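Work through the exercises below with the sequence and the model at hand. Each task is followed by a solution in steps.

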Amino acid sequence: MIRKVPRGSMMNEKPLIFAGLAVFLLAFSYPFWQSTEDEDIPQIAMQTKGEECVAPVEYMRKNHMKLLDIWRDSVVRDGDRFHIMPDGSKVEKSLTKTCLDCHISKEKFCEECHSFASVKPYCWECHVVPKIGSHTELSGIDDVEENKQNLLKNLLARNKPLAESKQSLNKGGQ
Amino acid sequence: MIQNRRKFLKKSAGLIAGAGVVSGFISKYATGFAKASTEKAASGKSIRWGMVIDMRKCIDGCVKCIEVCHVTHNVPEFDNPKDEIKWIWKSDYAKVFPSKDQQFVSEETRQKPFLSLCNHCADPPCVIVCPTGATFKRKDGIVEMDFHRCIGCRFCMSACPYGSRSFNWRDPRPAIENITPEYPTREKGVVEKCNFCSERLAKGQQPACVEECPENVLTFGNLYDKNTEIRKILKENPTITRKPELGTNPSVFYIT
Ligand code: SF4
Ligand code: SF4
């Protein structure tokens, strides 16, 4: 036996159903459309040395992990250790020796963004974080500490949005 | 019925004979191929890195090569011998050369602690068993490890007939006194071994142990180049390799 649902009652529930659906969709898609305010995004610490990055900045922002993967495979598997810069000069395909040679601070350059984006790469389980004092620009210079401060100042000047968070770091150093 | 069986037997005999001939061809081809892979010397084009260890010159008690290697590559030092990690070490003659063909060896030789390290075999069993390709043979003959890919299954450790490989049972970082920043450390659960200083070769340097040895015990060079020092030494001295009967074709040679 088939029971007939009275038509009228269905019509009455329609707005309710759609309202519920809308609420659900809104809540479900919240993370997708809720855009982060630009100010929240950490500014990447600019290079302190050299004019150019190994690849265009826009590419690096999105794809640095891919580039590091390619570098890793080419160094370890093919023994191909050098990256040719746009101006024809050579740099080592190395996170510690090349990337962090310019972007001297791992805390500022890597970690600020990674903790913001909640990603946890495990490079540093094995690779050794270079000491800021070991920066090649500093080699042969006596006062490592002073130069470290200078480099940080440089970094601050070029990178205004980071200035506030840097100040605390600077204060700590003085 | 009998007819059928006879036919069947005849056919199968034929089949077996045929298979025998074919397999004979295959094995002949295979050995020819293996020979070609280890005797590329004639071409003189490619590189196969190798080492000669002149044990006559090695000083008892000297560990300079071991120290410099282990510092260069951040090899941890654990207190418990079960956790030991080693890239190059000294071992008893009897352990290094257990093969039956070494008879009536002089007392002096037998008493000497022999240097051991990865042989960078031309036919490395460790490479064959590694399920992830973490252990692989480079074009220049170096048996290299890609620590990123090692899953710690330790197949390679059981495949290596020389005990050249060590496993990180514990986090190695705390067991390294002074970390050398130029070279990475390892993680817990990863296998490691000598890499013939591939990172130094890339810069045109000799392996660290070769450079450090005060007695020139170690000679490193391209085995495929007839004009190298190493080939000269190999030509002028009788040398032995470890467990030759296994067919791994080591690239490390010993003068005893
Ligand atoms: S322990 Fe690592 S290197 Fe050895 S076989 Fe397993 S994956 Fe390969
Ligand atoms: S000595 Fe052992 S680890 Fe080295 S290549 Fe030969 S089998 Fe592999």
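The model used in these exercises is predicted.

**Exercise 1. The faces of a helix**

Task: Find which exposed residues lie on the face of H9(B) turned away from its buried side, and state which residues of this helix are buried.

Solution.
Step 1. The exposed residues on the face turned away from the buried side of H9(B) are Lys235(B) and Glu236(B). Exposed here means over 50% relative accessible area.
Step 2. Helix H9 of chain B covers residues 229–236, and its buried residues are Ile230(B), Ile233(B) and Leu234(B).
Step 3. Looking down the axis of H9(B), the buried residues fall within an arc of 100°, so they line one face of the helix.
Step 4. Lys235(B) can also be placed relative to Trp87(B): the two are 148 residues apart in sequence and 28 Å apart in space, C-alpha to C-alpha.
Step 5. Trp87(B) itself sits in the loop between helix H2 (64–72) and strand S2 (88–92) of chain B. Trp87(B) has a relative accessible area of 1% and is therefore buried, the cut-off being under 20%.

**Exercise 2. Positive phi angles**

Task: Locate Cys197(B) and Lys243(B) in chain B, and give the phi of each.

Solution.
Step 1. Recall that most residues other than glycine have a negative phi.
Step 2. Cys197(B) is not a glycine, yet has a positive phi of about 55°. Cys197(B) belongs to the loop between strand S7 (191–192) and helix H7 (198–201) of chain B.
Step 3. The relative accessible area of Cys197(B) is 6%, so Cys197(B) is buried.
Step 4. For Lys243(B), also a residue other than glycine, phi is positive and near 45°. Lys243(B) lies in the loop between H9 and strand S9 (252–255) of chain B.

**Exercise 3. The largest cavity**

Task: Describe the largest cavity by its volume and its lining.

Solution.
Step 1. The structure has five cavities of 30 Å³ or more.
Step 2. The largest cavity holds about 100 Å³ of space.
Step 3. Its lining is made of 13 residues, and those nearest the centre are Cys69(B), Leu117(B), Cys194(B), Cys197(B) and Cys209(B). Cys197(B), the buried residue of Exercise 2, is one of them.
Step 4. Sorted by class, the lining has eleven nonpolar residues, two polar and no charged.

**Exercise 4. Two ligand shells**

Task: State how many residues surround ligand 1 and ligand 2, and sort each shell by class.

Solution.
Step 1. Around ligand 1 there are 14 residues, the closest being Cys130(B), Cys150(B), Cys153(B), Arg154(B) and Cys156(B).
Step 2. The shell of ligand 1 divides into ten nonpolar, three polar and one charged residues.
Step 3. Around ligand 2 there are 14 residues, and Cys118(B), Cys121(B), Cys126(B), Cys160(B) and Arg165(B) come nearest.
Step 4. The shell of ligand 2 has nine nonpolar, three polar and two charged residues.

**Exercise 5. Chain A and its helix H4**

Task: Summarise the make-up of chain A, then describe H4(A).

Solution.
Step 1. Chain A contains six helices and two strands, in the order α-α-β-β-α-α-α-α along the sequence.
Step 2. Of its 174 residues, 28% count as buried.
Step 3. H4 of chain A runs over residues 106–117, twelve residues in all, and spans 16 Å from its first C-alpha to its last, close to the 16 Å expected at 1.5 Å a residue.
Step 4. Lys106(A), Lys108(A) and Cys110(A) are buried in H4(A).
Step 5. Just after H4(A) comes Ser118(A), with a positive phi of about 55°.

How values were computed: Residues are numbered from 1 along each chain as its sequence is written. Chains are lettered from A and ligands numbered from 1 in the order in which they are written. This is a predicted model: local features need pLDDT of at least 70, side-chain atom pairs count only at pLDDT 80 or more; totals for chains, interfaces and linings use all residues. Side-chain values use heavy atoms; hydrogens and water are left out. On a 1 Å grid over the protein atoms alone, a cavity is a set of points where a 1.4 Å probe fits but cannot get out, and a pocket is an open set with protein on both sides within 12 Å along at least five of seven lines; lining residues have an atom within 4 Å of a point. Grid points are joined across faces, edges and corners, and a volume is the space filled by probe spheres set on the points. Ala, Val, Leu, Ile, Met, Phe, Trp, Tyr, Cys and Pro count as nonpolar, Asp, Glu, Lys and Arg as charged, and the others, Gly among them, as polar. Helices (H or I, at least four residues) and strands (E, at least two) are DSSP runs, numbered from the N terminus. The expected span of a helix is 1.5 Å times one less than its number of residues. Buried means under 20% relative accessible area, exposed over 50%, partly exposed in between (1.4 Å probe, protein chains only). A residue is near a molecule or strand if one of its heavy atoms lies within 4 Å of it. The arc is that of the directions from the helix axis to the C-beta atoms.
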